[in-house]
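Hi there,

Here is the structure I promised to pass on to you. Have a look at it first, and then read on for what turned up.

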Amino acid sequence: QESLPAGYVVRPLARSDNQVRSNSSFLKTLEVLTTVGTISDDAFQRRFQYLKEHSDQYYTIVIEDMNVPPTSAGSATSSSPSLVTPGRGKIVAAGTVLVERKFIHELGMVGHIEDIAVSADQQGKKLGLRIIETLKAIGQQVGCYKVILDCSEKNVPFYEKCGFERKGVEMGWYV
Ligand code: ACO
(Lines give C-alpha, C1' and ligand atoms only; values in the text may rest on other atoms or scores of the structure.)
Protein backbone atom coordinates (compact mmCIF):
# COMPACT_ATOMS: atom_id res chain seq x y z
CA GLN A 1 0.00 0.00 0.00
CA GLU A 2 1.20 3.51 -0.84
CA SER A 3 2.44 5.42 2.16
CA LEU A 4 0.97 8.81 3.01
CA PRO A 5 3.17 11.92 2.81
CA ALA A 6 5.14 12.49 6.04
CA GLY A 7 2.97 13.98 8.77
CA TYR A 8 -0.34 12.98 7.17
CA VAL A 9 -2.70 10.72 9.14
CA VAL A 10 -5.96 8.89 8.34
CA ARG A 11 -8.53 8.91 11.16
CA PRO A 12 -12.29 8.88 11.79
CA LEU A 13 -14.15 12.18 11.62
CA ALA A 14 -14.18 13.84 15.05
CA ARG A 15 -16.66 16.12 16.82
CA SER A 16 -14.11 18.94 16.76
CA ASP A 17 -13.60 18.81 12.99
CA ASN A 18 -16.06 21.62 12.47
CA GLN A 19 -13.58 24.12 13.84
CA VAL A 20 -11.84 26.06 11.11
CA ARG A 21 -8.09 25.68 11.51
CA SER A 22 -5.62 27.21 9.11
CA ASN A 23 -8.57 28.11 6.93
CA SER A 24 -9.51 24.46 6.60
CA SER A 25 -12.13 22.22 8.11
CA PHE A 26 -14.02 19.08 7.17
CA LEU A 27 -16.88 21.09 5.67
CA LYS A 28 -14.51 23.26 3.66
CA THR A 29 -12.90 20.11 2.23
CA LEU A 30 -16.33 18.97 0.98
CA GLU A 31 -16.69 22.13 -1.11
CA VAL A 32 -14.78 20.47 -3.99
CA LEU A 33 -17.89 18.28 -4.40
CA THR A 34 -20.77 20.74 -4.38
CA THR A 35 -22.42 23.49 -2.38
CA VAL A 36 -22.09 22.85 1.35
CA GLY A 37 -23.94 25.95 2.47
CA THR A 38 -23.97 27.56 5.90
CA ILE A 39 -24.04 25.03 8.72
CA SER A 40 -24.04 26.26 12.32
CA ASP A 41 -21.81 24.50 14.82
CA ASP A 42 -24.95 23.35 16.64
CA ALA A 43 -26.36 21.78 13.47
CA PHE A 44 -23.01 20.15 12.73
CA GLN A 45 -22.90 18.68 16.24
CA ARG A 46 -26.41 17.26 15.91
CA ARG A 47 -25.54 15.59 12.60
CA PHE A 48 -22.28 14.27 14.08
CA GLN A 49 -24.23 12.87 17.04
CA TYR A 50 -26.63 11.07 14.68
CA LEU A 51 -23.69 9.48 12.87
CA LYS A 52 -22.20 8.46 16.21
CA GLU A 53 -25.47 6.84 17.29
CA HIS A 54 -25.40 4.86 14.01
CA SER A 55 -21.70 4.11 14.09
CA ASP A 56 -22.18 0.59 12.68
CA GLN A 57 -23.69 2.24 9.61
CA TYR A 58 -21.76 5.47 8.97
CA TYR A 59 -17.99 5.43 8.65
CA THR A 60 -16.64 8.87 7.77
CA ILE A 61 -12.88 9.25 7.64
CA VAL A 62 -10.55 12.17 7.02
CA ILE A 63 -6.89 12.69 6.18
CA GLU A 64 -5.23 15.35 8.30
CA ASP A 65 -1.98 17.13 7.46
CA MET A 66 -0.27 17.47 10.83
CA ASN A 67 2.56 19.60 9.41
CA VAL A 68 0.33 22.66 9.66
CA PRO A 69 0.71 24.44 12.99
CA PRO A 70 -2.50 25.84 14.52
CA THR A 71 -2.95 29.52 13.72
CA SER A 72 -6.20 30.31 15.50
CA ALA A 73 -6.41 32.62 18.51
CA GLY A 74 -5.87 30.87 21.82
CA SER A 75 -3.25 28.49 20.51
CA ALA A 76 -0.33 30.79 21.29
CA THR A 77 0.95 28.50 24.05
CA SER A 78 1.21 25.50 21.71
CA SER A 79 2.54 27.17 18.61
CA SER A 80 5.65 25.02 18.12
CA PRO A 81 5.30 23.39 14.70
CA SER A 82 7.41 20.43 15.85
CA LEU A 83 4.92 19.49 18.58
CA VAL A 84 1.97 18.12 16.68
CA THR A 85 -1.23 17.43 18.61
CA PRO A 86 -3.76 15.05 17.01
CA GLY A 87 -6.69 17.03 15.67
CA ARG A 88 -4.62 20.21 15.37
CA GLY A 89 -3.61 19.96 11.73
CA LYS A 90 -5.49 20.67 8.53
CA ILE A 91 -8.06 18.35 7.00
CA VAL A 92 -7.15 17.73 3.37
CA ALA A 93 -9.36 14.79 2.34
CA ALA A 94 -12.54 12.98 3.41
CA GLY A 95 -14.86 10.12 2.51
CA THR A 96 -17.70 7.95 3.81
CA VAL A 97 -18.80 4.35 3.51
CA LEU A 98 -22.44 3.75 4.42
CA VAL A 99 -23.27 0.14 5.33
CA GLU A 100 -26.68 -0.99 4.10
CA ARG A 101 -28.38 -4.03 5.72
CA LYS A 102 -30.23 -6.13 3.15
CA PHE A 103 -32.60 -9.12 3.19
CA ILE A 104 -31.16 -10.63 0.02
CA HIS A 105 -27.95 -12.66 0.10
CA GLU A 106 -28.96 -14.03 3.49
CA LEU A 107 -29.18 -10.63 5.14
CA GLY A 108 -26.15 -9.42 3.24
CA MET A 109 -24.55 -6.02 3.68
CA VAL A 110 -23.49 -3.58 0.96
CA GLY A 111 -21.07 -0.69 1.40
CA HIS A 112 -21.93 2.56 -0.39
CA ILE A 113 -19.01 4.93 -0.89
CA GLU A 114 -20.09 8.58 -0.77
CA ASP A 115 -18.66 12.09 -0.81
CA ILE A 116 -15.01 11.50 -1.63
CA ALA A 117 -13.20 14.82 -1.51
CA VAL A 118 -9.56 15.87 -1.71
CA SER A 119 -8.76 19.60 -1.32
CA ALA A 120 -7.94 21.16 -4.69
CA ASP A 121 -4.32 21.94 -3.73
CA GLN A 122 -3.75 18.38 -2.46
CA GLN A 123 -5.01 16.38 -5.42
CA GLY A 124 -2.64 14.00 -7.20
CA LYS A 125 -0.80 12.90 -4.03
CA LYS A 126 -2.63 9.56 -3.77
CA LEU A 127 -4.81 10.84 -0.92
CA GLY A 128 -8.01 9.91 -2.77
CA LEU A 129 -6.59 6.43 -3.36
CA ARG A 130 -5.80 6.10 0.36
CA ILE A 131 -9.32 7.22 1.34
CA ILE A 132 -10.85 4.62 -1.01
CA GLU A 133 -8.51 1.83 0.14
CA THR A 134 -9.42 2.58 3.76
CA LEU A 135 -13.18 2.63 3.06
CA LYS A 136 -12.93 -0.65 1.09
CA ALA A 137 -11.09 -2.24 4.03
CA ILE A 138 -13.79 -1.02 6.46
CA GLY A 139 -16.52 -2.45 4.20
CA GLN A 140 -14.73 -5.77 3.98
CA GLN A 141 -14.08 -5.90 7.72
CA VAL A 142 -17.69 -5.28 8.70
CA GLY A 143 -18.78 -8.04 6.29
CA CYS A 144 -20.06 -6.31 3.14
CA TYR A 145 -20.22 -8.63 0.12
CA LYS A 146 -19.62 -5.65 -2.20
CA VAL A 147 -18.78 -1.98 -2.07
CA ILE A 148 -20.29 0.28 -4.73
CA LEU A 149 -20.41 3.95 -5.70
CA ASP A 150 -21.78 6.40 -8.25
CA CYS A 151 -19.48 8.80 -10.05
CA SER A 152 -19.15 11.05 -13.09
CA GLU A 153 -17.55 9.83 -16.32
CA LYS A 154 -14.56 12.06 -15.52
CA ASN A 155 -13.79 10.09 -12.34
CA VAL A 156 -14.00 6.62 -13.92
CA PRO A 157 -10.20 6.34 -14.46
CA PHE A 158 -9.60 7.24 -10.79
CA TYR A 159 -11.99 4.57 -9.50
CA GLU A 160 -10.57 2.01 -11.93
CA LYS A 161 -7.15 2.69 -10.41
CA CYS A 162 -8.80 2.06 -7.02
CA GLY A 163 -9.94 -1.41 -8.17
CA PHE A 164 -13.54 -0.66 -9.19
CA GLU A 165 -15.18 -1.67 -12.48
CA ARG A 166 -18.08 -0.24 -14.44
CA LYS A 167 -21.34 -1.86 -13.38
CA GLY A 168 -24.90 -0.84 -14.26
CA VAL A 169 -26.21 2.67 -14.75
CA GLU A 170 -26.70 5.39 -12.17
CA MET A 171 -30.11 7.10 -12.18
CA GLY A 172 -31.40 9.99 -10.12
CA TRP A 173 -34.60 11.75 -9.18
CA TYR A 174 -34.19 15.26 -7.85
CA VAL A 175 -36.93 16.68 -5.62
N1 ACO B 1 -8.41 10.91 -14.64
C2 ACO B 1 -7.45 9.96 -14.76
N3 ACO B 1 -6.73 9.50 -13.71
C4 ACO B 1 -6.97 10.04 -12.50
C5 ACO B 1 -7.95 11.04 -12.29
C6 ACO B 1 -8.70 11.48 -13.44
N7 ACO B 1 -9.67 12.39 -13.32
N8 ACO B 1 -7.95 11.37 -10.97
C9 ACO B 1 -7.00 10.59 -10.38
N10 ACO B 1 -6.43 9.77 -11.30
C11 ACO B 1 -5.37 8.77 -11.08
C12 ACO B 1 -4.09 9.39 -10.58
O13 ACO B 1 -3.30 9.85 -11.66
C14 ACO B 1 -3.46 8.22 -9.86
O15 ACO B 1 -2.90 7.34 -10.82
P16 ACO B 1 -1.45 6.66 -10.64
O17 ACO B 1 -1.60 5.75 -9.44
O18 ACO B 1 -1.22 5.94 -11.89
O19 ACO B 1 -0.51 7.77 -10.37
C20 ACO B 1 -4.66 7.51 -9.23
O21 ACO B 1 -5.80 7.89 -10.03
C22 ACO B 1 -4.89 7.92 -7.78
O23 ACO B 1 -5.07 9.32 -7.75
P24 ACO B 1 -5.03 10.18 -6.40
O25 ACO B 1 -3.79 10.99 -6.35
O26 ACO B 1 -5.30 9.30 -5.24
O27 ACO B 1 -6.26 11.14 -6.68
P28 ACO B 1 -6.71 12.38 -5.78
O29 ACO B 1 -6.09 12.35 -4.45
O30 ACO B 1 -6.53 13.62 -6.57
O31 ACO B 1 -8.28 12.09 -5.60
C32 ACO B 1 -10.44 12.66 -6.47
C33 ACO B 1 -9.13 11.91 -6.71
C34 ACO B 1 -11.11 12.14 -5.20
C35 ACO B 1 -11.36 12.41 -7.66
C36 ACO B 1 -10.11 14.17 -6.31
O37 ACO B 1 -9.52 14.64 -7.48
C38 ACO B 1 -11.29 15.05 -5.95
O39 ACO B 1 -11.57 15.29 -4.77
N40 ACO B 1 -11.99 15.61 -6.96
C41 ACO B 1 -13.10 16.53 -6.77
C42 ACO B 1 -14.29 15.89 -6.08
C43 ACO B 1 -14.74 14.60 -6.72
O44 ACO B 1 -14.94 14.51 -7.93
N45 ACO B 1 -14.94 13.57 -5.90
C46 ACO B 1 -15.40 12.24 -6.29
C47 ACO B 1 -16.90 12.26 -6.41
S48 ACO B 1 -17.60 10.64 -6.68
C49 ACO B 1 -17.96 10.04 -5.11
O50 ACO B 1 -17.81 10.73 -4.15
C51 ACO B 1 -18.42 8.61 -4.94
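Let's begin with the largest nonpolar core, which has 20 residues. Which of them touch the most other members? They are Ile63, Ile113, Leu127 and Leu135. Please keep in mind that this is a predicted model. Several elements build this core: β2 (58-65), β3 (90-101), β4 (109-118) and α4 (127-142) each give at least two residues to it. Helix α4 supplies the largest share, with six residues.

If you set aside its neighbours within four places in sequence, Ile113 is in contact with Thr96, Val97, Ile132, Leu135, Val147, Ile148, Leu149 and Phe164. There is also another core, which lies apart and has 10 residues, including Leu13, Leu27, Leu30 and Phe44.

Next, the ligand. It has 22 residues around it, and those that come nearest are Ile116, Val118, Lys126, Gly128 and Leu129.

- Leu129: here a backbone N or O atom lies 2.8 Å from an oxygen atom of the ligand.
- Lys161: a polar atom of its side chain is 3.0 Å from an oxygen atom of the ligand.

How much of the ligand does the protein cover? On its own, the ligand has 990 Å² of accessible area, and the protein covers 74% of that.

Now for the cysteines. You will find zero disulfides in the structure. Is Cys144 buried or exposed? Cys144 counts as buried, because its relative accessible area is 13% and the cut-off for buried is under 20%. Cys151 has 29% relative accessibility, so this residue counts as partly exposed, a class that sits between the 20% and 50% limits.

Why does Arg130 count as buried? The reason is its relative accessible area of 16%, which falls under the 20% limit. Arg130 also shows how the fold can bring together parts of the chain that are separated in sequence: Arg130 and Ser3 are 127 residues apart along the chain, while their C-alpha atoms are 8.5 Å apart in space.

Best wishes

Technical notes: Residues are numbered from 1 along each chain as its sequence is written. This is a predicted model: local features need pLDDT of at least 70, side-chain atom pairs count only at pLDDT 80 or more; totals for chains, interfaces and linings use all residues. Side-chain values use heavy atoms; hydrogens and water are left out. A nonpolar core is a set of buried Ala, Val, Leu, Ile, Met, Phe, Trp, Tyr and Cys residues joined through side-chain atoms within 4.5 Å. Buried means under 20% relative accessible area, exposed over 50%, partly exposed in between (1.4 Å probe, protein chains only). Helices (H or I, at least four residues) and strands (E, at least two) are DSSP runs, numbered from the N terminus. Contact means heavy atoms within 4.5 Å. A residue is near a molecule or strand if one of its heavy atoms lies within 4 Å of it. A polar contact is a pair of N or O atoms within 3.5 Å; within protein, one must be able to donate a hydrogen and the other to accept it, and residues adjacent in sequence count only if both atoms are side-chain atoms. Accessible areas come from the Shrake-Rupley method with a 1.4 Å probe; for residues, only the protein chains shown count as cover. A disulfide is a pair of cysteine sulfur atoms within 2.5 Å.
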